[in-house]
Amino acid sequence: MNSPARYRRLFVPVVTAALLAGIFFSGGLGQPAPAGAERYFEEVASAIDSVPYQIRSWYGVELPFTEVVVQMLRPNKILRRTFQDPALGHRASLSIIHCTDVRDMLGHHPPVCYPAHGWHLESRHTEEIVVRGRSQEVNIYHFSRLNAGSREAIRIVSFFVAPGVDGIIREMDEMERASKRSGLAGLGAAQVQVLTPLSQSQEATGAMVSGIVEAIEPVIEKIGRGVE
């Protein structure tokens, strides 16, 4: 299996100056969590920990994150992992960040954090993916940058998961509104990103996105249920 070093570089934008600005302008602490929230956060973290290292024919390797990331995002749980097919070389990286305060993730959003680290937004559009048996829309971002004289180009599938929502959420403002519903404020939310090389075939990329999303459906379900 090839070294995931390149994908470590691709995930550097998680730590951004824009993240600092987002946290600063969004204020400090969020609304108090309802009864049972502590157990809910533990169960969400456990569900994220249970994401398998093998999905179909792809094997996962952990990607490191720094203490700075933890201090900035104040996450309940972070998963960052790259998956690769050892025979075909197809690759995709998965990032799940679950925060107890929605506002802590405002800067961890592709249109904000990637340009802050030298990536140029080439295009943005929506596509449908199947989540828990239903077609739902996600945002697709194409970014590029020059790295040591070579052009890197990536494709990011991005969506959010919030308590009280049966499925996923495409836009940040939708996620913020959902998190403020009665009885759900203080339960946080998660952002999911699946990153692939833009040079990889659409067929291979589509298969990997589909397989990864299917594998994390227990996480989506657990977050969506909220406190039980």
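Guide: In this predicted model, the secondary structure of the protein amounts to eight helices and eight strands. Of its 228 residues, 52% count as buried.

Visitor: How many aromatic pairs does the protein have?

Guide: The count comes to four aromatic pairs, where two rings pair if their centres lie within 6.5 Å.

Visitor: Why is the pair of Y40 and F41 called tilted?

Guide: The ring centres of Y40 and F41 are 5.8 Å apart, and their planes stand at 50°, which falls between the cut-offs of 30 and 60 degrees, so the pair is tilted. Both Y40 and F41 are buried.

Visitor: What makes the pair of Y114 and F143 stacked?

Guide: With centres 5.1 Å apart and planes at 25°, which is under 30 degrees, the rings of Y114 and F143 form a pair that is therefore stacked. This pair links distant parts of the chain, since Y114 lies in the loop between α5 (110–113) and β5 (120–131), while F143 belongs to strand β6 (residues 134–147), 29 residues apart.

Visitor: How do you know whether Y114 and F143 are buried or exposed?

Guide: Buried means under 20% relative accessible area; Y114 has 1% relative accessibility and therefore counts as buried, and F143, at 0%, counts as buried by that rule too. Ring pairs also link Y114 and F143 with W119 and Y141 into a cluster.

Visitor: What makes you say that the charged end of R81 sits over the ring of Y53?

Guide: The charged end of R81 is 3.7 Å from the centre of the Y53 ring, and the distance limit for such a placement is 6 Å.

Methods: Residues are numbered from 1 along each chain as its sequence is written. This is a predicted model: local features need pLDDT of at least 70, side-chain atom pairs count only at pLDDT 80 or more; totals for chains, interfaces and linings use all residues. Side-chain values use heavy atoms; hydrogens and water are left out. Helices (H or I, at least four residues) and strands (E, at least two) are DSSP runs, numbered from the N terminus. Buried means under 20% relative accessible area, exposed over 50%, partly exposed in between (1.4 Å probe, protein chains only). Rings of Phe, Tyr and Trp (its six-membered ring) pair if their centres lie within 6.5 Å; planes under 30 degrees apart count as stacked, over 60 as edge-to-face and the rest as tilted. A charge sits over a ring if NZ of Lys or CZ of Arg is within 6 Å of the ring centre and within 35 degrees of the ring normal.
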